[in-house]
Amino acid sequence: MRKKVAFYTLGCKLNFSETSTIARGFTDEGFDRVDFSERADIYVINTCSVTENADKRFKSIVKQAQKVNSEAFVAAVGCYAQLKPQELADVHGVDLVLGATEKFKITDYINDLSKNDFGEVHSCEIEEADFYVGSYSIGDRTRAFLKVQDGCDYKCTYCTIPLARGISRSDTMESVLQNAREISSQNIKEIVLTGVNIGDYGKGEFGNKKHEHTFLDLVTELDKVEGIERLRISSIEPNLLKNETIDLVSKSRAFVPHFHIPLQSGSNEILKKMKRRYMRELYVDRVSKIKEVMPHACIGVDVIVGFPGETETHFLETYNFLNELDISYLHVFTYSERDNTEAAEMDGVVPMNVRSKRSKMLRGLSVKKRRAFYESQLGTLRTVLFESENKEGYINGFTENYIKVKAPWNPELVNTLHQVELAKIDDDGLVRFEFVELLSH
């Protein structure tokens with residue numbers, strides 16, 4: 001009987017791409033992959049350490065697996081497994097915990113699949129995480145996440161990512177292009193570039209700090225790969241998003257006019273405390289440059305509320321800054337203390353109820369911003385790539401500039417590109433449209 005393996009991924013797009021790579025390793029070893037809700041011999045949970053919630057979620061996911069098969073072997077990998085290996089190993093039912101360097105070799109650690117009396121830990125000192133493992137994920141038929149870079153050399157005071165993933169390092173250009181060609185050969189229409197700090201691409205291509213290529217070189221070459229209809233940059237630091245990259249996207253064949261740029265705070269004082277590498281003036285400059293060459297571009301923003309020392313004045317500075325900025329939506333994070341970070345030791349702790357009030361205000365602003373952006377695009381011609389899910393009788397899709405549209409369910413639309421005219425915003429906030437022409441099957 002072939003053994004069965006199931007996966008659960010917490011966290012970011014990068015984790016999804018790595019889970020897929022780990023899963024392909026299991027398939028090569030003769031395992032059959034099944035859904036996490038099904039009975040499996042081994043359950044692998046790829047963890048995240050960005051929010052406190054991820055810690056609690058982990059325990060409930062282990063329970064979920066044990067409910068389906070109490071005899072199953074449970075392994076934890078990923079960021080949280082690197083940061084707090086013993087904590088995960090102590091969770092009832094966990095048999096194996098693998099840190100940053102070991103996760104891609106998981107099949108080497110699984111010999112007999114018999115339950116352990118206690119969780120076995122294999123985790124390295126994070127300094128040893130200095131080699132690169134390329135990966136990409138194919139979650140559905142329409143898009144894939146392609147990892148181009150891992151780790152981070154920045155020292156933001158709230159962040160555990162450098163502790164969890166190690167130094168900044170990159171895939172080689174040839175490997176990224178090869179992965180992109182493999183993805184496009186599977187009739188996947190969109191590739192999302194992902195990494196921890198992708199604007200830093202090129203660093204560590206040779207396992208050291210030597211650069212042969214830059215992020216601009218990477219996007220220039222990817223734009224030439226045939227068969228990819230769309231390329232999307234997932235998230236890029238404002239100080240690493242150069243004018244040349246913005247210009248390239250504006251003239252590109254495949255790169256779409258959608259940028260996600262972390263801001264974290266609209267107050268220069270708080271940005272300094274966070275040890276971000278820019279001031280708000282640079283952020284304004286990036287947004288203006290994008291809108292100058294691509295007025296229809298979608299710009300998403302990450303922002304953190306409740307950072308230590310954030311007064312009501314600082315918060316209102318952030319709120320007003322974002323309110324006046326020509327952006328399209330926000331991802332709002334409520335600050336949570338992480339062990340071994342500078343911020344966790346700082347004075348001026350913001351009470352939880354204040355953090356959640358600020359978070360609510362910014363989420364409300366995000367709804368307004370998204371609506372205003374959608375309204376500005378009504379009457380324009382856009383290209384939609386349709387998704388594969390039937391959502392209560394409707395099919396959704398996204399325009400190149402990240403507007404979510406809906407139409408009555410029609411399986412023939414799945415994974416096709418159509419030119420449409422955006423017509424009106426529905427009650428649920430999604431956009432209705434008129435078909436203009438079919439662009440690609």
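Colleague: Quick one to start: how many bridges join strand 8 to strand 11?

Modeller: Five bridges join strand 8 (residues 143-147) to strand 11 (residues 190-194), and the two run parallel. Strands here are DSSP runs of E with at least two residues, helices are runs of H or I with at least four, and both are numbered from the N terminus. Two strands pair if DSSP finds at least two bridges between them.

Colleague: Is this predicted or what? What are the ground rules?

Modeller: It's a predicted model, where local features need pLDDT of at least 70 and side-chain atom pairs count only at pLDDT 80 or more, while totals for chains, interfaces and linings use all residues. Numbering starts from 1 along each chain as its sequence is written, and side-chain values use heavy atoms, with hydrogens and water left out.

Colleague: Back to strand 11, then. Which residue stands opposite Ile191?

Modeller: Ala144 stands opposite Ile191.

Colleague: And what's the strand order in the sheet of four strands?

Modeller: The order is 7-8-11-12, in an open sheet with mixed pairing. Strand 7 (136-138) and strand 12 (230-233) are the edges, and each pairs on one side only. From one strand to the next the twist averages 20°.

Colleague: Which strands does helix 1 lie across?

Modeller: Helix 1 (residues 13-28) lies across strand 7, strand 8 and strand 11, and runs at about 85° to strand 7. Angles run from 0 to 180 degrees between N-to-C directions, and axes are lines fitted to C-alpha atoms, for helices over the stretch in contact. Contact means heavy atoms within 4.5 Å.

Colleague: Let's do helix pairs. At what angle do helix 9 and helix 11 pack?

Modeller: Helix 9 (residues 243-251) and helix 11 (residues 280-293) pack at about 25°, and their axes are 10 Å apart. So helix 9 and helix 11 are roughly parallel to each other; that label covers angles under 35 degrees, with over 145 roughly antiparallel, 65 to 115 roughly perpendicular and the rest oblique.

Colleague: Which residues meet there?

Modeller: From helix 9 you get Asn243, Ile246, Asp247 and Ser250, which meet Arg286, Lys289, Ile290 and Val293 in helix 11.

Colleague: And helix 7 with helix 8, how do the axes cross?

Modeller: The axes of helix 7 (residues 173-184) and helix 8 (residues 215-222) come within 11 Å and cross at roughly 35°. On the helix 7 side the contact is made by Met173, Val176, Leu177 and Ala180, and on the helix 8 side by Asp217, Leu218, Glu221 and Leu222.

Colleague: New topic: what pairs with strand 16?

Modeller: Strand 16 (residues 381-386) pairs with strand 19 (residues 417-425) in the antiparallel sense over five bridges. Arg382 has Val420 of strand 19 as its bridge partner. Strand 16 also pairs with strand 17 (residues 394-399), again antiparallel, over three bridges. There, Val384 stands opposite Thr399 in strand 17.

Colleague: What sits in the loop between strand 16 and strand 17?

Modeller: Glu392 is found there, and it has a positive phi of about 50° although it is not a glycine.

Colleague: Is Glu392 buried or exposed?

Modeller: Glu392 is exposed, with a relative accessible area of 80%. The cut-offs are under 20% for buried, over 50% for exposed and partly exposed in between, with a 1.4 Å probe and protein chains only.

Colleague: What about Gln264, what's its phi?

Modeller: Gln264 has a positive phi of about 75°, and it is not a glycine either. Gln264 belongs to strand 13 (residues 258-264).

Colleague: And is Gln264 buried or exposed?

Modeller: Gln264 counts as buried, because its relative accessibility is 8%.
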